[in-house]
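Biologist: Hey, could you walk me through this one? I'm new to it.

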Amino acid sequence: MTDETGEGRPRLRLVAGGRAGPGAATRDEAALLGAWLVGDDEAFGELVALHQPLVLALVRRYAASPDDARDLAQRTFLRAFESARRAISRGGAVGGAAAAVPFRRWLVRVAVNLAKNHRRDETRWTRSSEGLSALDTLRSKAAGADQRLEDEEASVRMRRAALRLPRRQREVLTLRIDADLPFAEIAAALGCTENAAKVSFHLAVKRLRAELGQPQGEEGA
Amino acid sequence: MTACHDVEPLLLDRAAGDLDADGAARLDAHLAACAACRAEAAALDRTLSLVRLPPPDAAEQAALSGLADSVRAARDAAARRRAWPVRFAAGLAVAAAAAAFLVAPAYTRRAPTLTPEEAARARAQAAAAAPAPRWAVPDPDELWDTAGALLSDEVASEAAAPVASTAVASATSAAPLAREKATAIAAADAWFDTDTTTKAR
């Protein structure tokens, strides 16, 4: 899979996207959580910075605007920190508990749940681009402009279809293509088997493929 | 899907970015020979590329700047809300102590030095608050008559018995009165009412 969503993201994206060695990532996270627990406010900021690209990737599909995305990201962090605080205060022993807290998985789960309840009828990715089309038509009749317009409209249609997928299919699809999470991590966050996650992804892609319709000519190349 | 049936899983795995080396080799060999599956692979690629979001733009990146600070601020605000009951109780205790400290001297000083109009108002309030007296001060003449009536035993016993029972009934219907108080009043009523009954006769 080509990683076209990777450009322009902060440098920590590799860790957040799950491509780094899991050992290294969790050690960092556990160390930061341990520091946060003993009152290190720097560690809190670092934890946010570490996971910020992941959280943004998870919530932006459901956001009506960049500010809405920020709001969703903030709520995701708050709930995940609250869960961690509770789990650790229940767990007692500070050192061991910090390592046991699956903070990143909670972030994913919280983001998925927030997205589930978030208004999805009018995101910035499913808005009809009439304004844009009018502007483009006025601006130029240059070669490629029509194709771009067509793609834009098809994108809006397909993103709407993606949000209308059955819940599990939509969750797996977006965790996979928005956050590039491995299927094992998707399964852990959603509480299903890795195979079930793959099946959900296949079903989602088949549905969306049907929504696309028959390809005309060499369009797909 | 218009692809060959046994190749479909490979195409979907490829779309998911989850195709192992062995599967990739088999798929490539098939795609080289099958135009329909080539078209289907391209359609799947296009499907996912249309659904995918563009990378975060400048506005999104800017909206996230300082996220750690605002999450921290929201966290602190939540912590303050959690501490609210304890703080409220402590604040209430302090406020009560302060109020007692401020108000107590005012009471001790004010009591003996009521101005005439304050005293009048207090009396008016007391009069309004106090229930109307249940019986008037007995007239000495009536007392004398009653005493005379009581002298003859048969008249007194005849008159007192029914009257006392009605007095108790009326007293118990007066809600705020305690029961023992009611019986005491009933006894007194009976004593005074004997006079009216004797008079009525």
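Biologist: What pattern does chain A follow along the sequence?

Modeller: Chain A reads α-α-α-α-α-α-α-α-α-α-α, with eleven helices and zero strands. Helices (H or I, at least four residues) and strands (E, at least two) are DSSP runs, numbered from the N terminus. This is a predicted model, where local features need pLDDT of at least 70, side-chain atom pairs count only at pLDDT 80 or more, and totals for chains, interfaces and linings use all residues. Residues are numbered from 1 along each chain as its sequence is written, while chains are lettered from A and ligands numbered from 1 in the order in which they are written.

Biologist: How much of chain A is buried?

Modeller: Of its 221 residues, 37% are buried, meaning 20 or more other C-beta atoms, placed from the backbone, lie within 10 Å of the residue's own.

Biologist: And which residues touch the most others in the largest nonpolar core?

Modeller: Val55(A), Val59(A), Ala111(A), Ile186(A) and Leu11(B), out of 70 residues. Such a core is a set of buried Ala, Val, Leu, Ile, Met, Phe, Trp, Tyr and Cys residues joined through C-beta atoms within 7 Å. Helix 3 (residues 41-59) of chain A gives the most, ten residues.

Biologist: What is Val59(A) in contact with, leaving aside neighbours within four places in sequence?

Modeller: Ala69(A), Leu72(A), Ala73(A), Thr76(A), Ala111(A), Leu114(A) and Ala115(A). Contact means C-beta atoms, placed from the backbone, within 7 Å.

Biologist: Switching topic, how many residues of chain B are in contact with chain A?

Modeller: 32, and they meet 44 residues of chain A. Helix 3 of chain B gives the largest share of chain B's side, ten residues.

Key:
Contact = placed C-beta atoms within 7 Å. Buried ≥ 20, exposed ≤ 12 C-beta atoms within 10 Å, placed from the backbone.
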